[in-house]
Amino acid sequence: MTIPSHLLTITPLAGKTAVVTGAGGGIGKAIAVLFASAGANVVIAEINEEAGKQAAAEIQSSGGHALFVATDVSKSASVQSMVQAALTRFGGLHVAVNNAAMQCDTTPVSELDEDYWNKIISVNFTGVALCLKWELQAMIAQGSGGSIINMASATIRKPGPQMPAYTAAKHGVLGLTRSAAMENGVHKIRVNALSPGGTMTELTATGLEKLGLTEADMASRIGVLGRFAKPEEIAHAALWLALDTSSYITGAFMPVDAGYDLV
Ligand SMILES: NC(=O)c1ccc[n+]([C@@H]2O[C@H](COP(=O)([O-])OP(=O)(O)OC[C@H]3O[C@@H](n4cnc5c(N)ncnc54)[C@H](O)[C@@H]3O)[C@@H](O)[C@H]2O)c1
């Protein structure tokens, strides 16, 4: 993946440190690459060590600043260590994107897969809560504000069939976002939820395969533009929420889903 050349001379995140969870692939990696091209020091917080190291190496070989920290967002001690590593290596924390997630479940509510429910809630919901806890503590102690972006999903606007745990976890992310925004405006920390629609990543490809569907089968059903998003299109929305150009936005839910609720 290459850094967009038109951004190489514009570095609005210079001097800032951004944590991106689940940045070994897909949307998270696109965000990490874009933030690095905008001048940020980027912490790749990822459970998949090979993918995380590779993402950090790609950023470094393009002249960016990146640190890979092996992280399991569902474990409080792991998230605490990751935030501490960011502070130790880069001296601060200004932006966080809580993006890591497991793939959707595939059964209706009436046949709930209870084991998968517990796993997905621990990563996609509790994981965001734990990231918020340790990121907020660091930002509050630092005293210079910050921007936190939680990755929600278009399933909040319209649930997909046979993904009750994923959908419920993403609704929970919205509740966490609003609670954290309400409590932390006083610290000048903004907290928003970014809500992608169908985006062509590993998570999407595996999900389609499990359901026996192709990209073409779904393209006209996921939004009025008749195509999946590229991860970079979600990353640009995250960059805007990270920057001071969105300085009066907090507690918001921002769809980037090509009108998913209109089809
Ligand atoms: N792709 C889509 O169509 C789509 C749509 C709506 C929302 N989203 C959301 O966007 C985010 C990124 O999705 P994606 O499609 O890029 O997914 P992806 O599967 O390509 O990437 C997710 C990353 O999270 C990592 N991860 C998983 N569990 C982890 C854990 N416990 N700790 C740390 N890292 C962990 C994975 O290793 C992977 O690198 C997710 O929150 C997802 O729910 C995606």
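Select Asp-257 to begin: at 6% relative accessible area it is buried (buried means under 20% relative accessible area, exposed over 50%, and partly exposed in between, with a 1.4 Å probe and protein chains only). The model is predicted, so local features need pLDDT of at least 70 and side-chain atom pairs count only at pLDDT 80 or more, while totals for chains, interfaces and linings use all residues. Residues are numbered from 1 along each chain as its sequence is written, and side-chain values use heavy atoms, with hydrogens and water left out.

Arg-157 and Asp-257 form a salt bridge, with 2.9 Å between the closest N and O atoms (a salt bridge is a side-chain nitrogen of Lys or Arg within 4 Å of a carboxyl oxygen of Asp or Glu). This pair links distant parts of the chain, 100 residues apart: Arg-157 is in the loop between strand 5 (146-151) and helix 5 (164-184), and Asp-257 is in the segment after strand 7. Helices (H or I, at least four residues) and strands (E, at least two) are DSSP runs numbered from the N terminus. Arg-157 counts as partly exposed, at 32% relative accessibility. Now include Asp-261, which is linked with Arg-157 and Asp-257 in a network of salt bridges.

How many salt bridges does a search of the whole structure find? The count is six.

For another of these pairs, go to helix 2 (residues 49-61) and select Glu-49 and Lys-53. Their closest N and O atoms are 3.9 Å apart, and the two residues form a salt bridge. Lys-53 and Glu-49 are separated by about one helical turn because they are four residues apart in helix 2. Both side chains belong to partly exposed residues: Lys-53 has a relative accessible area of 48%, and Glu-49 has 40%.

Next, select Asp-72 and Lys-75. These residues form a salt bridge in which the closest N and O atoms are 3.6 Å apart. Lys-75 is partly exposed, at 47% relative accessibility.

The last stop is Ser-246, in the loop between helix 8 (231-242) and strand 7 (253-256). Is Ser-246 buried or exposed? It counts as buried, at 1% relative accessibility. Show the contacts of Ser-246 (contact means heavy atoms within 4.5 Å). Not counting residues up to four places away in sequence, Ser-246 touches Arg-190, Trp-240 and Leu-241. For Leu-241, display the backbone oxygen as well: a polar atom of the Ser-246 side chain lies 3.1 Å from it.

Key: A polar contact is a pair of N or O atoms within 3.5 Å; within protein, one must be able to donate a hydrogen and the other to accept it, and residues adjacent in sequence count only if both atoms are side-chain atoms.
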